[in-house]
Amino acid sequence: MLMGIEWDTSSQWAFAISILPILAKGLLVTLQATAVGFIIALVLGLILASLKTSRLKIVAWPARFITEFIRDTPLLVQLFFLYYVLPEYGIILPAFMTGALALGLQYSAYTSEVYRAGLESVPLGQHEAARALDLSPRRTFTVIVVPQAIPRIIPALGNYLVSIMKDVPLLSVVAVLEMLNVAKIIGDRTFNYLIPLSMVGLIYLILTLVAAAGIRYLDTRLPKQGIPLK
Amino acid sequence: MNDATQPPADPGQAIIHFDKVVKRFGDVTVLDSLDFEVAKGEKVTIIGPSGSGKSTVLRILMTLETIDEGVIHVAGKPLWHERRNGALVPASEEHLREMRKEMGMVFQQFNLFPHMTVRRNVTEAPVHVLGLSRAEANERAEEYLALVGLSDQADKFPSQLSGGQQQRVAIARALAMRPNIMLFDEPTSALDPELVGEVLSVIQRLAEEHDLTMLLVTHEMQFAKRVSDRVCFFDKGRIVEQGPPEQVFVEPHEERTRDFLQNFLNTA
């Protein structure tokens with residue numbers, strides 16, 4: 001029994017069906033961690049990207065260093081650091097929040113590069129035309145650059161959303177009850193690892209395929225020229 | 001730099017005045033101590049081999065490129081400098097913003113905003129730079145779209161138009177800011193041959209019916225002959241020869257001009 005749900009070990013099929021509701025609870029945690037991590041990555045990435053593209057070297061350089069540092073160290077190391085070191089300084093977060101924060105932090109390094117590349121992909125001629133028309137730098141950014149960058153940014157962000165989802169099982173090491181952790185506990189108690197772990201794999205496969213199809217669909221629907229302004 | 005602090009001899013007459021302007025890209029000198037003047041209302045065509053600095057002249061005027069030495073005056077005011085306590089100091093961004101109001105530019109690649117309708121392309125700057133109301137700007141857009149013959153295309157996006165139509169929208173967009181000087185940087189070089197004519201005839205009408213000062217870089221020699229008051233032949237960052245089109249095209253004094261025109265006629 002786990003989370004108040006009994007399992008049926010009379011046959012492999014019955015066992016699989018009986019643990020499905022338990023895995024579903026784990027799946028919910030997985031999806032929540034994905035969502036929170038992604039939102040943190042989106043916001044933090046935007047902040048990092050705007051710092052990195054700053055003309056002030058004293059602002060841009062540390063931002064670049066932080067990005068590089070985050071990218072070049074394992075997620076697990078960052079997770080352990082947040083989980084074991086922060087409490088020493090009085091910052092005690094629930095395991096779930098620590099995990100989501102670690103995911104968001106790690107992926108903010110990637111999303112910041114997506115934002116930067118998207119903004120830089122807007123041709124120089126657009127900036128020159130805006131300057132020739134005397135549009136202010138702020139107006140040029142918000143009305144000329146951003147609307148054209150968004151269709152290039154969104155699909156890449158979607159791919160990182162899938163990546164984050166696939167990294168959530170790492171949170172099991174700090175005892176977050178996400179789907180893999182739930183499956184492992186079922187295995188520990190029933191000595192049947194094959195069924196729960198296979199099911200986790202299968203559920204991930206389905207989720208990833210669905211998400212990939214969603215991103216492809218979104219990509220075909222996005223206006224390639226930019227968000228239209230009438 | 002001593003004489004750089006002096007205003008041009010007669011700033012009232014010349015709307016554009018280059019005084020010993022030097023522009024370098026790395027080791028390459030693109031403009032070599034260039035002296036150049038354009039009178040108010042004058043239509044001047046710049047011709048010359050690629051890399052001779054023709055486009056750079058326009059890009060410097062539009063403040064898309066800086067200069068390394070010399071002084072430029074536009075409408076009697078220094079373009080890349082400001083006068084402070086009698087001395088010329090490098091221009092601030094506010095000064096450049098003010099100076100850009102004198103000029104409009106049409107680019108080789110059109111550079112329309114692809115995510116905006118034709119109307120929005122033409123009204124964006126009048127609304128957000130000049131402070132016109134949306135209604136006033138729309139009215140103005142209609143006026144200039146009619147001028148370039150595209151009144152019925154206002155709700156389309158640039159990608160729905162031909163290259164020639166796109167360039168005409170770009171002309172309307174520049175005109176809608178009511179500049180005193182129009183800069184055309186090879187406006188037909190990116191167009192399919194059958195679309196060149198419609199753009200040139202719009203520019204020619206502008207030249208004939210408006211008192212705009214026009215500065216054109218082009219490879220369309222017949223067109224240059226028709227519209228210009230003066231043709232300047234550029235080579236290696238200097239003006240080699242200039243004069244009325246009949247003279248420069250028909251009986252050029254300089255060997256280099258003859259060679260260029262000869263080569264050009266042979267390859268064109």
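Predicted model: local features only at pLDDT ≥ 70, side-chain atom pairs only at ≥ 80, totals over all residues.
Helix 5 itself covers residues 124-132 of chain A, and its buried residues are G125(A), Q126(A), E128(A), A129(A), A130(A) and A132(A). These buried residues pack against helix 6 (137-167) of chain A, and also against helix 1, strand 8 (103-106) and helix 5 of chain B.

Positive phi values turn up elsewhere in residues other than glycine. A175(A), with phi near 65°, is one of them. A175(A) sits in the loop between helix 6 and helix 7 (179-190) of chain A, and it counts as exposed because its relative accessibility is 55%, where exposed means over 50%. In chain B, S33(B) has a positive phi near 50°. This serine belongs to strand 2 (residues 28-39) of chain B, and its relative accessible area of 27% makes it partly exposed.

Turning to helix pairs, two packed helices are described by the angle between their axes and the distance between the axes. In chain A, helix 3 (residues 75-85) packs with helix 4 (residues 95-120) at an angle of about 140°, and the axes are 9 Å apart. Helix 3 of chain A is therefore oblique to helix 4 of chain A, since only angles over 145 degrees would count as roughly antiparallel. The crossing of helix 3 of chain A with helix 4 of chain A is right-handed. Helix 3 of chain A contributes L75(A), Q78(A), L79(A), L82(A) and Y83(A) to the contact, while helix 4 of chain A supplies A95(A), T98(A), G99(A), L101(A), A102(A), L103(A) and Q106(A). By class, the residues in this contact of helix 3 with helix 4 of chain A are eight nonpolar and four polar, with no charged residues.

V118(B), N121(B) and V122(B) of helix 3 meet V169(B), A172(B) and R173(B) of helix 5 in chain B. Four nonpolar residues, one polar and one charged make up this contact of helix 3 with helix 5 of chain B.

The largest nonpolar core holds 47 residues, of which F18(B), F36(B), V57(B), L61(B), I72(B), L183(B) and L215(B) touch the most other members. A second, separate core has 44 residues, including L27(A), V29(A), F38(A) and I164(A). Setting aside residues up to four places away in sequence, F36(B) touches I16(B), H17(B), F18(B), V44(B), I46(B), V57(B), L215(B), R230(B), C232(B) and I239(B).

Two further chain B residues illustrate buried positions. T63(B) lies in the loop between helix 1 (54-61) and strand 4 (69-74) of chain B, and counts as buried because its relative accessibility is 1%. Beyond residues up to four places away in sequence, T63(B) touches R131(A), L79(B), W80(B), L96(B) and R100(B). L200(B), found in helix 6 (residues 193-209) of chain B, is also buried, at 7% relative accessibility. With the same exclusion of residues up to four places away in sequence, L200(B) touches T188(B), E220(B) and F223(B). The C-alpha atoms of L200(B) and E220(B) are separated by 9.1 Å, and the two residues are 20 residues apart along the chain.

Notes: Residues numbered from 1 in each chain as written. Chains lettered and ligands numbered in written order. Heavy atoms only, no water. Core = buried A, V, L, I, M, F, W, Y, C linked by side-chain atoms within 4.5 Å. Buried < 20%, exposed > 50% of the residue type's maximum accessible area, 1.4 Å probe, protein only. Contact = heavy atoms within 4.5 Å. Helix = DSSP H or I, 4+ residues; strand = E, 2+ residues; numbered from the N terminus. Axes fitted to C-alpha atoms, helices over the stretch in contact; angles between N-to-C directions. Parallel < 35°, antiparallel > 145°, perpendicular 65-115°, else oblique. Left-handed = near helix turned anticlockwise from the far one by under 90°. Nonpolar A, V, L, I, M, F, W, Y, C, P; charged D, E, K, R; others polar.
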